[in-house]
Amino acid sequence: MGVFEIAVMGGDGIGPEVTAEAVRALHAVGKRFGHTFTLREALVGQAAIDVEGAAISEQTMALCQQVDAVLFGAVGGTGVGDPNSKTEPMYSLFRLRKDLELFANVRPVRPLSALLGASTLKRATLRNVDMLVVRELTGGLYYGTPSEIRQGPDGASAVDTMTYTEAEIERIARYAFELARDRRKHVTSVDKANVLSCSRLWRRVVDRVHGDYPDITLRHMLVDACSMALIRNPREFDVVVTENLFGDILTDEASMLTGSLGMLPSASLGARRTKHGQFGLFEPIHGSAPDIAGQGKANPLAAILTVGLLLRYSLGLKRAAATVERAVRQVVTAGYRTADIAAAGEATVSTHAMGDAVVANILGD
Ligand SMILES: NC(=O)c1ccc[n+]([C@@H]2O[C@H](COP(=O)([O-])OP(=O)(O)OC[C@H]3O[C@@H](n4cnc5c(N)ncnc54)[C@H](O)[C@@H]3O)[C@@H](O)[C@H]2O)c1
């Protein structure tokens, strides 16, 4: 029986709605296993801009340095702004990732048998898919400078900079090889080495690090070919490691194997260790979905599955994590569907009712 401290940041749009259900699942785990979760709530994104004047306050940043883990919803509205501006919602996430050195974003993709029909792909293509995408999270185009729109005499131009150091590539490659050791021992490294210098360095460093992991099979794949193979034969992938932008795009694509963006959790892990495990920020891969916010339509299962990752990676509670994952599998098998995963004519439940079903399952009611 442990005592754990977790920062909770629902954020914007459907973020607070799905995070509320994730928190209920966490409390249910506490009740069932006798753990105490002390939750410290904080504002992020537009919610923080409105109340505190910045997308994330210095107090909230300091809070994240003290807790065992961060449970995060989503940030953003309908507009697109510069994530380097403190008054843009995405700034909060970028700042958290960079300042907390959350360099490894781990995204498991495992379509549930009961949901094979929810995907637009054929069932036979999806059966037994089990991959882990490891996305580098603190480098590449998202953080390179300069990054700006310039006004010149002949009109506007824009520049973004992709930059990677050898050390950044080495630590993510090492992390992916380590994860592969506990799985099917196969790593696909995805890049665009036929065009980009960053990718050629990426390939060189991944090859060098691979020398320390002779038990793991490595193959390189160009990102365009990978985006095709992910749909053609997703079973061929075990661990996929790639840079920031490619990982962002490929995992949205991979979410369609599970039927919905609302099914995919993620763990952003850093170098800091806590008393119980590896510090991390846990969030569903989806955004704030302004189109369905406030309507009780959001699928909370991705957010609830992030609780499973949080229990496993940051708190070292593998049994509790497995209980959450099993609960999600069983409620879906029992036929509970939010609108995004329902087939035509199938009855749907609200965000809260889906949360109720998972909580009841965890408690064994
Ligand atoms: N990590 C984050 O906080 C994060 C990630 C991606 C996008 N965003 C932000 O979110 C905002 C909206 O972006 P977007 O619309 O491109 O992406 P989105 O992920 O919010 O939504 C894409 C589509 O998927 C649906 N969807 C997403 N999550 C769902 C869920 N749990 N249940 C049911 N349906 C779901 C939405 O209704 C929408 O149709 C933008 O401001 C964007 O910058 C934030």
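Me: In which element does P146 lie?

Reply: P146 lies in strand β6, which comprises residues 144-152. Please bear in mind that this is a predicted model. The peptide bond that leads from T145 to P146 is cis, its omega being near 0°.

Me: Which value does phi take at K185?

Reply: Phi of K185 is near 65°, a positive value in a residue that is not glycine. K185 belongs to the loop between α6 and β8. It counts as partly exposed because 14 C-beta neighbours lie inside 10 Å.

Me: And what is to be said of A289 and its phi?

Reply: A289 has a positive phi as well, of about 40°, although A289 is not a glycine. Its place is the loop between β12 (278-284) and α10 (301-313). Here the count is 22 C-beta neighbours inside 10 Å, and therefore A289 counts as buried; the cut-off for a buried residue is 20 or more.

Me: How should I read the pairing of strands in a sheet, and in what order do the strands stand here?

Reply: Strands of a sheet pair through backbone hydrogen bonds, in either a parallel or an antiparallel manner. In this model, 10 strands form an open sheet with mixed pairing, in the order β2-β1-β3-β12-β11-β4-β5-β10-β8-β9. β2 (36-41) and β9 stand at the edges with a single partner strand each, so one side of each has no neighbour in the sheet. On average, neighbouring strands of this sheet are turned by 25° against each other, direction ignored.

Me: Which strands are joined to β8 by bridges?

Reply: One is β9 (residues 217-222), which runs parallel to β8 and is joined to it by 6 bridges. Within this pair, V190 has M221 as its bridge partner, and D191 has L222. Another is β10 (residues 239-242), also parallel to β8, with 4 bridges. There T188 stands opposite V240, and V190 stands opposite T242.

Me: How many bridges join β10 to β5?

Reply: β5 and β10 run parallel and are joined by 4 bridges. V240 of β10 is the bridge partner of V133.

Me: Are these strands buried or exposed?

Reply: Strand β8 (residues 186-191) is mostly covered, with 5 of its 6 residues buried. For β10, both faces are covered: V239 and V241 are buried on one side, as are V240 and T242 on the other. Helix α9 (residues 244-255) lies across β4 (104-109), β5 (131-136), β8 and β10, and runs at about 150° to β5.

Me: How does the chain pass from β8 to β9, and what is the handedness of that unit?

Reply: β8, helix α7 (residues 197-210) and β9 make a β-α-β unit, which is right-handed.

Me: Why might one side of a helix be buried, and which residues of α7 are buried?

Reply: The general idea is that an α-helix has 3.6 residues a turn, so residues three or four places apart point the same way. In α7, the buried residues are C198, S199, W202, V205, V206 and V209. These residues cover an arc of only 125° around the axis, which puts them on the same side of α7. They pack against α6 (166-181) and β8.

Me: What span does α7 reach?

Reply: The 14 residues of α7 reach 20 Å from the first C-alpha to the last, close to the 20 Å expected at 1.5 Å a residue.

Methods:
Residues are numbered from 1 along each chain as its sequence is written. This is a predicted model: local features need pLDDT of at least 70, side-chain atom pairs count only at pLDDT 80 or more; totals for chains, interfaces and linings use all residues. A residue is buried if 20 or more other C-beta atoms lie within 10 Å of its own, exposed if 12 or fewer, and partly exposed in between; C-beta atoms are placed from the backbone. Helices (H or I, at least four residues) and strands (E, at least two) are DSSP runs, numbered from the N terminus. Two strands pair if DSSP finds at least two bridges between them. A crossover is right-handed if, with the strands pointing away from the viewer, the path from the first strand over the helix to the second runs clockwise. The expected span of a helix is 1.5 Å times one less than its number of residues. The arc is that of the directions from the helix axis to the C-beta atoms. Two residues are in contact if their C-beta atoms, placed from the backbone, lie within 7 Å. Axes are lines fitted to C-alpha atoms, for helices over the stretch in contact, and angles run from 0 to 180 degrees between N-to-C directions.
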